[in-house]
Amino acid sequence: SSFPLDFIAFNTSCVFTADDGTNGRELWISDGTSIGTNMLSDINAGSASSNPNNITVFGTQIVFSATHATLGKELFKVNSSGTLSLIKDFNSGNGNGNPNNIYNANGVLYFSADNGSIGQELWKSNGTALGTVLIKDINPLGASNPRQFTQIGSTIFFIADDGTNGVELWKTDGTSSGTVLVKNINLTGNSNPNNLTEYNGKLYFDANDASSGINRQLWVSDGTTSGTQKILVNSLGDASPENFLVFQNKLYFGASDGVHGHELFSYMDPALAANDFELAGNAINLYPNPAKSYFELATTINVEKVELYSLQGQLVKTFVNQNQYEINDLAKGMYIVKVNAQEGVANKTLVIE
């Protein structure tokens with residue numbers, strides 16, 4: 001068997017890995033016909049396998065990690081004609097650079113790699129050797145192992161271990177100063193965030209805050225500490241949400257609510273559930289945001305009622321139209337402000353800190 005694996009669409013073809021029994025496991029390309037299915041590149045010449053992985057489309061080329069006979073496991077790129085180029089030899093003195101978790105965010109590659117001295121850390125690349133640089137040594141005492149990169153807007157979320165807070169949620173803008181811990185969810189160990197998924201402009205994932213033993217629940221984050229909140233699926237214990245999928249404005253996942261066993265669930269962002277839209281030609285500005293004890297609305301529309309909803313969709317407070325809306329009795333976190341007006345309904349996100 002050739003065991004073809006790791007299929008990825010590339011232009012009008014498909015790139016994958018396979019073992020033809022002669023060259024080992026290498027990169028192949030196919031247009032869907034027998035005559036159009038050929039080895040794209042024999043990275044580790046001869047019968048040895050290069051075992052390409054983390055195959056990622058990068059413009060007109062394919063970027064991947066593979067083992068070379070003399071260079072070790074490093075970062076390469078190849079075009080549709082099979083022209084192979086080394087992007088960077090991270091660990092030239094000691095062996096493998098082990099590039100891993102390669103993610104293309106608008107023409108910038110984010111990934112982890114080991115240069116032989118700092119462990120598996122956060123790097124970025126524009127596809128050239130000079131443009132491949134370390135973003136940050138997140139864990140000065142070892143490897144932070146950044147992974148599960150997920151882009152929302154200009155922010156890249158990921159999971160890492162800084163050696164102090166455990167395995168937690170991080171974000172980066174591609175700079176060292178802009179690479180920070182979003183929230184230490186589990187103060188006693190690792191929260192191990194997983195299933196990072198973009199939904200309605202926010203990050204959804206599952207994590208364990210150890211509030212009562214193993215307690216994996218659904219979480220949401222807008223990229224701020226106060227805006228990273230738990231959505232309780234199982235009030236009796238561990239929900240273990242998994243296999244997230246966004247479909248028709250809902251987030252679907254498998255989980256246990258403590259009553260029905262592990263079943264299929266859907267979650268709708270309260271902003272969508274409350275008919276989220278901006279009133280045409282009637283902008284509404286909410287400030288200050290984040291807020292501490294109050295917020296105000298700047299608008300020319302005729303506001304009738306203002307409602308505050310939790311991320312779980314629960315109504316927590318109702319106001320009549322007024323100049324200042326007091327919120328000093330509410331817990332810190334992220335809320336949906338629903339503005340009801342004669343012209344229609346609009347929603348705003350409010351962070352209370």
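The model is predicted, so local features are described at pLDDT of at least 70 and side-chain atom pairs at pLDDT 80 or more, while totals for chains, interfaces and linings use all residues. Residues are numbered from 1 along each chain as its sequence is written, and side-chain values use heavy atoms, with hydrogens and water left out.

The secondary structure of the protein consists of 1 helix and 30 strands; these are DSSP runs numbered from the N terminus, helices being H or I with at least four residues and strands E with at least two. Taken along the principal axes, the C-alpha atoms fill a box of roughly 75 × 45 × 45 Å. The accessible surface comes to about 16,100 Å², and carbon and sulfur atoms contribute 48% of that (Shrake-Rupley method, 1.4 Å probe; for residues, only the protein chains shown count as cover). Of the 353 residues, 47% count as buried, where buried means under 20% relative accessible area, exposed over 50%, and partly exposed in between (1.4 Å probe, protein chains only). Among contacts with a separation of 6 or more, 39% come from residues 24 or more positions apart; a contact here means heavy atoms within 4.5 Å.

Strand pairing comes next. Strands of a sheet pair through backbone hydrogen bonds, either parallel or antiparallel. Two strands are taken to pair if DSSP finds at least two bridges between them.

In one, strand S5 (residues 53-58) pairs with S6 in the antiparallel sense over 4 bridges, and Thr56 stands opposite Val63 in S6. This hairpin has 2 residues between its strands, and Gly59 in the turn has a positive phi of about 65°. In the other, strand S19 (residues 216-221) and strand S20 (residues 228-231) run antiparallel, joined by 4 bridges, with Val220 and Gln229 as bridge partners. Here 6 residues lie between the strands, and Gly223 in the turn has a positive phi of about 95°.

The nonpolar interior follows. In soluble globular proteins, nonpolar side chains tend to be buried together. A nonpolar core is defined as a set of buried Ala, Val, Leu, Ile, Met, Phe, Trp, Tyr and Cys residues joined through side-chain atoms within 4.5 Å. The largest such core has 20 residues, of which Phe295, Leu297, Val306, Leu308, Ile327, Val337 and Leu350 touch the most other members. Strands S25 (294-298), S26 (303-309), S29 (333-341) and S30 (344-352) each supply at least two residues of this core, with the largest share, 4 residues, coming from S29. Leaving out residues up to four places away in sequence, Leu308 touches residues including Phe295, Ile327, Val337 and Leu350. A second, separate core of 15 residues includes Tyr199, Ala239, Leu251 and Met334.

Rings of Phe, Tyr and Trp (its six-membered ring) pair if their centres lie within 6.5 Å, and planes under 30 degrees apart count as stacked, over 60 as edge-to-face and the rest as tilted. Phe64 and Phe76 are stacked because their ring centres are 6.2 Å apart and their planes lie at 20°. Phe64 belongs to strand S6 (residues 61-68) and Phe76 to strand S7 (residues 72-79), so the pair ties together parts 12 residues apart in sequence. Both Phe64 and Phe76 are buried. Phe295 and Tyr325 are likewise a stacked pair, with ring centres 5.0 Å apart and planes at 15°. This pair links distant parts of the chain, 30 residues apart, with Phe295 in strand S25 and Tyr325 in strand S28 (residues 325-326). Phe295 is buried at 0% relative accessible area, and Tyr325 is buried at 1%. Elsewhere, ring pairs link Phe90, Phe111 and Trp123 into a cluster.
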